Amino acid sequence: MTSALSFAMILIQYLPAAIQGISEAAQLIEWGVERVKTMVAEKRDPSPAEWDELNAKTDALRARLHSDAT
Amino acid sequence: MYKTLRVFLLVGLIASPFALSGCASSVAETPAQRVYALQSEYAALLAAAVAYESQPRCIPPATSLTMACSQEDWVLEIRTADNDAYTTIRAAQDVVRDPNTTGNIGTALSIARSALTVFNQVLVNHHLIGAPTVGMYSPPGMKPPMSDRDLVQRTVPHSVLFPSMGVQL
């Protein structure tokens with residue numbers, strides 16, 4: 001019973017962050033696939049703007065991951 | 001029973017969005033597209049890592065039994081692996097974006113993939129992402145993906161539903 005309660009508490013606490021992480025990762029996967037498919041269809045490499053957009057996404061995530069790193 | 005529930009949640013709640021996704025690396029054709037694809041997959045792994053890192057740090061021993069938390073040593077390991085992945089991916093990007101490059105594109109890409117594999121493996125080792133469940137997207141005539149890339153793109157970012165819990169399910 002105690003384990004069940006602990007499980008439920010952890011689930012409730014963590015669920016919002018987990019859902020956000022899942023959603024964010026899924027969107028990034030979809031986004032990357034679509035972008036590369038477009039490039040392939042148009043027979044071209046990524047444009048500077050596309051690189052900048054990807055770098056901005058990556059840098060924003062890294063800033064969060066390393067937010068309190070010393 | 002809880003183990004079954006856990007598996008059900010992981011598969012049903014988390015894996016389903018990814019089951020619908022292909023993977024960028026298997027679509028890419030040119031070196032620049034491959035680096036772009038690799039970096040977008042790296043970003044997806046980052047999102048899973050951030051979800052874990054954003055939890056309050058575990059305070060051992062008792063409170064971790066009833067709190068979702070992130071372990072400090074895991075976070076440090078994740079950050080270290082991320083630094084390596086990021087550095088090598090950006091180096092590969094520099095090579096493919098420089099028209100006058102003297103760098104070896106194949107080598108840069110290979111190094112970046114290796115670092116990303118390590119980053120991926122760190123997340124797998126800590127159960128922040130799960131076992132491969134996503135089917136491969138391989139257009140006709142395309143050579144099979146490399147094993148390290150295969151690992152990255154087939155991995156479902158389960159994120160951290162059950163991070164560093166002290167509870168035995």
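How many residues does helix α3 (residues 31-53) of chain B have, and what does it reach from its first C-alpha to its last? The views below take up this helix and its neighbours.

This is a predicted model, in which local features need pLDDT of at least 70, side-chain atom pairs count only at pLDDT 80 or more, and totals for chains, interfaces and linings use all residues. Residues are numbered from 1 along each chain as its sequence is written, with chains lettered from A and ligands numbered from 1 in the order in which they are written.

**View 1. Helix α3 of chain B.** α3(B) has 23 residues and reaches 32 Å. The expected span is 33 Å at 1.5 Å a residue, taken as 1.5 Å times one less than the number of residues. Because 22 of its 23 residues are buried, α3(B) is largely enclosed by the rest of the structure. Buried means 20 or more other C-beta atoms within 10 Å of the residue's own, exposed 12 or fewer, and partly exposed in between, with C-beta atoms placed from the backbone.

**View 2. Chain B overall.** Chain B holds six helices and zero strands. Helices (H or I, at least four residues) and strands (E, at least two) are DSSP runs, numbered from the N terminus. Of its 169 residues, 47% count as buried.

**View 3. Helices α4 and α5 of chain B.** The axes of α4(B) (residues 72-97) and α5(B) (residues 105-125) come within 8 Å and cross at roughly 160°. Axes are lines fitted to C-alpha atoms, for helices over the stretch in contact, and angles run from 0 to 180 degrees between N-to-C directions. The two helices are therefore roughly antiparallel (over 145 degrees). The residues of their contact divide into 19 nonpolar, one polar and three charged. Nonpolar covers Ala, Val, Leu, Ile, Met, Phe, Trp, Tyr, Cys and Pro; charged covers Asp, Glu, Lys and Arg; the others, Gly among them, are polar.

**View 4. Helix α2 of chain A against α4 of chain B.** The axes of α2(A) (residues 48-65) and α4(B) come within 12 Å and cross at roughly 165°. That makes α2(A) roughly antiparallel to α4(B). A:Trp51, A:Arg62 and A:Leu65 meet B:Arg79, B:Asp82, B:Tyr86, B:Gln93 and B:Arg97. Contact means C-beta atoms, placed from the backbone, within 7 Å.

**View 5. B:Asp73.** This residue lies in helix α4 of chain B. B:Asp73 is exposed, with 11 other C-beta atoms within 10 Å. B:Arg57 is 16 residues from B:Asp73 in sequence and 9.8 Å away in space, C-alpha to C-alpha.

Technical notes. Angles under 35 degrees count as roughly parallel, over 145 as roughly antiparallel, 65 to 115 as roughly perpendicular and the rest as oblique. Two residues are in contact if their C-beta atoms, placed from the backbone, lie within 7 Å.
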